[in-house]
Each structure stands twice: as structure tokens, then as C-alpha cells.
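Hi,

Here is the structure I promised to pass on. Have a look at it first, and my notes on salt bridges and strands follow below.

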Amino acid sequence: MVPKIRRGSRTHGLLVYLYGPGRRDEHVDPHLVGSWDGFAPDPGRDPDPKVTLARLTAALDLRVKQAGDRAPAKHVWHCSVRTDPGDRMLTDAEWNTVARRLVAATGIAPEGDPDGCRWVAVRHADDHIHILATMVRGDLRRPRMNYDFKKAQAECRRIEKEWGLRRLNPGDGTGSQAPTSAERFKAERTGRPEPSRETLREAVRQSLAGAATEEEFFTRLREAGLRVKVRTAPSGDALGYNVALPGDRNRNGEPVWFPGSKLAPDLSLPKIRLRLGDDTVDQTAPSATISGRLVWSPPAGARRSAAGIAEHAATLLDSDDDNAADHLAGVGELLDAVAQTSPAATRAELAAAARAFERATRSHVRAERADTRAIRSAARGIIQAGGALGRGEDGGTTAMLASTLVLAALAAARWHSARGHAQQAHASRQTAEHLRTAYRQAAATPMRALHDQGRALPDAVRRTHEATIRAALPQQGPRADGTPTKTDALAATLAQAEQAGHDPDALLQRAIAMRELDTAEDVNDVLVWRLRRLAQLPAHPGEATPHPQAGTRQPTTSTNDHTSNRTAPTAAARPGTDPRTRPPRR
């Protein structure tokens, strides 16, 4: 049950709309289901509705006129209440009860108060009603309306519980403003896929992802094709900004401007300045190198680097520290960055993931000493690297990053759940589902190739690596009948890591110890991507594997591994596994 509250100044105009056909003839059988005294005239049941409408308006506005100048300029309180599509249809009597409970809870007409405000509840559809009240009491004072929206939300949650309706997630006041009905109707009328407010919100967030300075942010907005108007003080300093879509105009032919704060609470200029700050992003694009030579394409290198940083963010969120709050915004920037630079095959799901996670980036928790330089720099690196191809190393590293972001989204869901942030936790879980779909799309080709390579390994080599996997992950062992198993790709990765000079045992232990695997949909897939990132193996097995110089063994750490502060088993720490002393494999 969703309440939506607005204020206005035209009692008669609102009643005409409620009893009229609607903007698209969607109003059916408009009639009263409740009123302040139970005897208000009902234009929907009168043979002369215009006269009755005038009588009802006069009755509602009586105290407003008596109060004169003491009445508020916007004296109309309008609350629409809608049930969930899956709920049963409520009767008129039940809607009357809903209306009475809401006007009592919000202070419009407290229970037992003879001087409560006058109100009516109109029903013109099966799933919702409109409550109209005039905000002058019988004693000509204004009602106490503090936190009316929160009180209406709380009362709706109680009604849902008592009546067995679908229980929605309570909000905390940090959500972005939803498009109005007028904005939605305008989008339908003009053929836009969504209201301008939502298009602008996404464009502003994408422009902010990894931006180093305020000037760069405004430049990106203009490069995205938005109209930008910066409000300045007499000193020339920017005070705020407004954005508009080209061609989106009001009835007077003027652009429809939206200030950043009306798109989302964290998109106001002061909040953006806090995020940008000083030295919060490395302005040089990162590149992955091996032996001093560039190995990966810029998009692949940026995604590979971002995967390690996202893993670190997930670890921080799992630590249940309030200082991880700022890393939620960082994960959101990573999602915005990868969504706008990914190949067509995964772009839709990644964009949906970024949109869903937008709600999870905000709460009332404030970090005191968070360092988001690395994660914002990773987002910047992805933007600067440009669009990724859907094949080869670019496609493989997209799968690598998506696999890691799934775990980060689930860690965010747990972090929010522990603090009672129901809407943010739900948004995080939705993000994880979109990311899983994007991962399956991006990983299909490289994982199929890895499974083929694993099955093609010599028997002795395959048995050796299967034994390593079985020792580290007993539940992931191969089938007794020798049929192909899900560990083929993992065995192939361990074989390639050993060929590149790494110790497979130590590398696997390190990958397992990086963070928990309980929430992974497929443990083998997660470990494959961790291993390939740690060992600097190509994300796409068809790419050439870089080999170390003769006589050297590569370390089992990576410059992209941001979890090095965690204790993890290493070759030197485990007796008998030092790569310089252990017996050769047979």
C-alpha cells in the first residue's frame, strides 16, 4: 500500500479532476467512500453533479474562508493511496477505514477530535483512493502536520500487516523523487520511453562516475547532450546547476529544468563536491603491465584492475563497518562506468543493475574516514579506456568484473539488512540478479573454452589439479565415474597458472582466502576469475598467455589485488609447499 502526498491551493479543481473522466478516460464510477462527518454530498451519486460538486467544494472550504489570511496559501492536502497489483480488491467500507486511519495518523483529523479538518475520500478505480483535506481546523488553527509522509507510510505498513496485504519495504527518506503522473503522461504522449526525470538522473550519474573535478563533471554533462545551466553567486562561484533534455519544453515553450537535488538527494552540487573533494581520484588512467610491456587492451586492463578493487570493496562491506558507506557510492560509480562502456550483449543488464543499485548508494549512515580514491579511480579508468568489445579479452574481463560485482552487491545487501535499510537491501539483491544475467551472457564463450581446455588436459596433469581442488574444496571434487565436471575450467586455470610460473596450491589457497564464497552462485566460476586475475592470465583463454622469463617464478600476488591486508596461506607459510623445495609433480 503506497501513499503519495501533495499540497495545492485549488479545492474545486482537484475535485473536478477526481470526479472527471481522467486524462485517459481511466476513471470509472467516481464516488465518495468516506468523509469527515459521513454525510458529505457525493457528486458521483447525484443526478446534477455540477451543483453537488459546488456544494461539496463550499463545505470543504468553509473553514478556509473563515480563517481568511490565517489560512495557509496551499490549503489542500491531497493523499492518494494505492494497493499492490497482487493484493485483493478492497471494498468501499475498507477504503473508508483506510482513509480514516490515515487522516488520524497524519494529524488531519485525530480520532475523537471534533475540530479535525474536513476531508473526503474519492474512489474512481479498483486499486486506489484519493483523500482531499483542507488544512484549517474547526477552531481555525492549522493542524500539526509534522512528518505527515512518514506517519502515513507507517500507518500503511500497519494496515498491510493487519489485513494480510503485501508488505512493502519501509523507506528512510533517502530515495530519489519519483516522476509525477503528469511527467509520466507527458512521456507517453511524446513517445519517450521514460519520464525526463529518470533519463536525466541516469545521465547525471554516468557523468559523475570517476569525474576528477567539478569542471570535468559539467563538461561531461554537455558532452552527453544535456542542456546545462549553472547558477552562480556574484563572486562567480557556482551555487548549483540545472539540467534539461533537448526538446523537452513546457506549455510556454521553455526548457523543463531539473535541479540536481530534485533528481536524487546525492546529486546536488554540495553533495557532488563532497564526493569529488581533493585527490579523490587518480587522474591517470590505469594500465595492467607484465614485465614492463602492455599486455591487455585499455578496456580489458581497466576492467581487470576494477575487479580487484571491487573485491576489496566487498570485503569492506562484509566487515560491517559504517565507514564502508562511502564505498557503496563507489560501487555505484563502477556500475555506471561499466554500463556505459560495455558491449551491446551485456549493456542492457548492466544498465539495469546500475539503475537498481542507485537506491542502495544512499542511507543516513555517514562514513567518517573512508578512502574512496581507488574505487573512483577504477571507474575513471573504465570511462577513459572507452568501449569494450564483446569478444576476446574485453569480453572475458567484462565477465571477470561482473562476477566480482555480484559479490559486492550481495555484500551491500547484507550491510544494509544489518542496519534495517529494507529498500536498499532489496535494491542490492535486484542488482545482483541483473549482474548474474550479465555475467552469464559475458562468460558463456570464455567459460566454454576453459571447460574444453580442462577436458583436454593430459590425464596425469588433470588428476594432479583435481587433487589440489579436492583438497582445498572437498565439496567441489570430480564425479567418481569420471564424467565431465564443473571443475574442468578451474583445473585448466590452475594448469595455465603453473605453466606461467605460479604455485597452483598457494594460488588457489590465496583465492579462497580472499573472502567468503557462501553467497557465490557458482564457486568454481568465482575462483576461476580470481585465479586468472591474481596470476595475470588472460580472461579469454583464446588469448596468448604471457610467460615469465626463464628461470623465474611469478609471485602469487598481483598489483590489482586490494586484499593483501588479509591473512592468507602462501607457499612460504605452508611447510612442504615452498615452490623452490617441493618435489616435482608426477
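A term you'll need throughout: a residue is buried if its relative accessible area is under 20%, exposed if over 50%, and partly exposed in between (1.4 Å probe, protein chains only). On the source, this is a predicted model, where local features need pLDDT of at least 70, side-chain atom pairs count only at pLDDT 80 or more, and totals for chains, interfaces and linings use all residues. Residues are numbered from 1 along each chain as its sequence is written, and side-chain values use heavy atoms, with hydrogens and water left out.

Salt bridges first. I'm using the term for a side-chain nitrogen of Lys or Arg within 4 Å of a carboxyl oxygen of Asp or Glu. The count by that rule is 38. Helices (H or I, at least four residues) and strands (E, at least two) are DSSP runs, numbered from the N terminus.

Arg-7 and Asp-148 form one of these bridges, at 3.0 Å from N to O. They bring together distant parts of the chain, with Arg-7 in strand S1 (residues 2–8) and Asp-148 in helix H4 (residues 148–163), 141 residues apart. Arg-7 is partly exposed at 40%, whereas Asp-148 is buried at 8%.

Asp-127 and Arg-82 make another, at 3.2 Å. This pair also links distant parts of the chain: Asp-127 is in the loop between strand S4 (118–123) and strand S5 (128–134), and Arg-82 is in strand S3 (residues 76–82), 45 residues apart. Asp-127 has a relative accessible area of 29%, so it counts as partly exposed, and Arg-82 at 40% is partly exposed too.

A local case is Asp-452 with Arg-455, at 2.8 Å. Both sit in helix H15 (residues 422–455), and because they are three residues apart, about one helical turn separates them.

Now for S4. Six of its six residues are buried, so the strand is largely enclosed by the rest of the structure. Arg-118, Val-120 and Val-122 point one way from S4, while Trp-119, Ala-121 and Arg-123 point the other way.

As for its neighbours, two strands pair if DSSP finds at least two bridges between them. S4 runs antiparallel to strand S2 (residues 31–35), with four bridges, and antiparallel to S5, with six. Arg-123 of S4 is the bridge partner of His-31, and its partner in S5 is Ile-129. A hairpin of four residues connects S4 to S5.

Cheers
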